[in-house]
Amino acid sequence: MSENYMGKSLRLLPSVDEVLRDGRVTEMLENHPRIVILEAVRAILTDKRKGILSGAVKMRQDIKKEEYLDMIVETTAAAVKRSVQPNLRRVINATGVILHTNLGRALLSKRAREAVNIVASNYSNLELDLKTGRRGSRYAALENLLTSLTGAEDALVVNNNAAAVLLALSTAAREREVIVSRGQLVEIGGSFRIPEVMAQSGAKLVEVGATNKTHPEDYRKAICGETAMLLHVHTSNYRIIGFTRETTVSELVEIGREYNLPVMSDLGSGSLLDLSRFGLPREPTVQEVLGAGPDIVTFSGDKLLGGPQAGIILGRRTYIEKMKKNPLTRAVRIDKMTVAALEATLREYQDEDKAIREIPTLQMLTINQEILKKRAYNLESILQSVLDKTIAEFAVEKGVSAVGGGAMPTAELLTAVVVLSPRNISAGELQATLRHGDPAVMGRVQEDRFIMDCRTIGDTELQLLAEAVAQALK
Ligand SMILES: *Cc1c(COP(=O)(O)O)cnc(C)c1O
């Protein structure tokens, strides 16, 4: 490319000031922070200049300066629109995975959302005892609800279950040994690994047994003067099937009593309700696990419980009291919005039927086939009204959804899906475009078909979803 051509192209490029003085940009300045617009203009001009110098940007020789300015202004408008969009935004979950960690896990019940709104918009008695006027505990109401719902002696709530495990180990087993089965050294998505959490807590890991089999005798043989605790970890997101033997929590409790050692159970998901009557796998409830007699039980607030992110610790007062005094507790404490959401969620459980109706996670887990099918046909008919038949084929089919969040990994929940095959682009391309929409949409791509699982799509989202798909296919 000639010097002459480059020089001419560079001279056509407007200055930052010229762009900022443009009427369309001054209008943008009324609605958006100056710094955002300035940064966008600078970035675009720098980019163009570099492009011209490297030869990547080729300009028509007869282009007029005004035309070029128009183009820069349009690019600026698009960049500003992108940059003022919040990074954390709504996604329509058409994956069918109910507890999708990447999509924020559990949705809150209406009461929980309202409770969050109240404490977020007003002052509250977070740490004030309204009866006495003295300092109160932010955990008091949660402790009462948790002990009354589960029968535990005492309770404590921290930031998440990873923090709960860390705090429990650091309080009860620092610089001493914790015995765990090799079959339970799990990694939970997002880098929670039992051996690593244990290292952080200062406890020493003693692995016993084999991946598929660990017998009570394996624990007994490993116990020594340094042993502080026996730990049972729910294998959550995977199952070992076939030739297996797991030592149960109640067997560990028996050994613990023999040697006067505490037993802890990291339940992972932890459900307060037995959902097997809805065709879900039979999993011991939190109450049943506590009934087996372990000293400490931990689980997440935003998995099967269906509440906010939190780590719930239940168990014997002597251990929980010690945890409350551990300085680490202050570092992993929950904020007022979590307190509000968790209290409201736990209150839903005071009436089981209501919990199933009101808590979105339980609702989605137990929803019946008829409703799913109806929703799928609804979605299909809305798609028919907004989509040109020549752009895509679609139909209602049967499918399978997953629970997610490391809960019930083998559960296969029958569901109804709408399967869509775009004619002009691939299903993968459709998914990529949908990710950039507002709201973004996440579905499943299988054999070049885009699959929308109606289990996790709200009835009020059907129109939005259909429009997003139509927009993406345009
Ligand atoms: C999910 C899970 C955790 C981590 O819980 P978070 O609330 O995500 O911190 C720990 N242990 C088990 C067994 C789990 O399933």
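P439 lies in the loop between α19 and β13 (440-442). Helices (H or I, at least four residues) and strands (E, at least two) are DSSP runs, numbered from the N terminus. The model is predicted: local features need pLDDT of at least 70, side-chain atom pairs count only at pLDDT 80 or more, and totals for chains, interfaces and linings use all residues. Residues are numbered from 1 along each chain as its sequence is written, and side-chain values use heavy atoms, with hydrogens and water left out.

The peptide bond joining D438 and P439 is cis, with omega at about 0°. M408 sits in the loop between β11 and β12. Most residues other than glycine have a negative phi, and most peptide bonds are trans.

Four strands make up an open sheet, ordered β11-β12-β15-β14, with antiparallel pairing. The edges are β11 (392-401) and β14 (444-446); each has a single partner strand, so one side of each lacks a neighbour in the sheet. From one strand to the next, the twist averages 35°. Strands count as paired if DSSP finds at least two bridges between them. Three bridges link β14 to β15 (residues 449-453) in the antiparallel sense. V445 stands opposite F450 of β15.

Two helices meet this sheet. Helix α19 (residues 427-435) lies across β12 (413-422), β14 and β15, and runs at about 50° to β15. Helix α20 (residues 462-473) packs on the sheet and touches β11, β12 and β15. The direction of α20 makes about 30° with that of β12. Contact here means heavy atoms within 4.5 Å. Axes are lines fitted to C-alpha atoms, for helices over the stretch in contact, and angles run from 0 to 180 degrees between N-to-C directions.

Another open sheet has seven strands in the order β2-β10-β9-β8-β7-β3-β6, and its pairing is mixed. β2 (154-158) and β6 (204-208) stand at its edges with a single partner strand each, so one side of each is left without a neighbour in the sheet. The twist averages 25° from one strand to the next. β8 and β9 (residues 296-300) run parallel and are joined by four bridges. G268 has F299 of β9 as its bridge partner. Helix α7 (residues 140-150) packs on this sheet, touching β2 and β10 (311-315). The direction of α7 makes about 125° with that of β2.

The ligand is surrounded by R105, N160, N161, A162, I188, F192, H234, S236, D266, G268, S300 and K303. By class, the shell has three nonpolar, six polar and three charged residues. Ala, Val, Leu, Ile, Met, Phe, Trp, Tyr, Cys and Pro count as nonpolar, Asp, Glu, Lys and Arg as charged, and the others, Gly among them, as polar.

Polar contacts (pairs of N or O atoms within 3.5 Å) reach oxygen atoms of the ligand. A polar side-chain atom of R105 lies 3.0 Å from one such oxygen. For N161, a backbone N or O atom is 3.0 Å from a ligand oxygen. A polar backbone atom of A162 is 2.9 Å from an oxygen atom of the ligand. On its own, the ligand has 390 Å² of accessible area, of which the protein covers 94% (Shrake-Rupley method, 1.4 Å probe). The elements giving two or more residues to the shell are α8 (161-173) and β8 (263-268).

Methods
Near = heavy atom within 4 Å. Polar contact = N/O pair within 3.5 Å; in protein donor to acceptor, adjacent residues only side chain to side chain.
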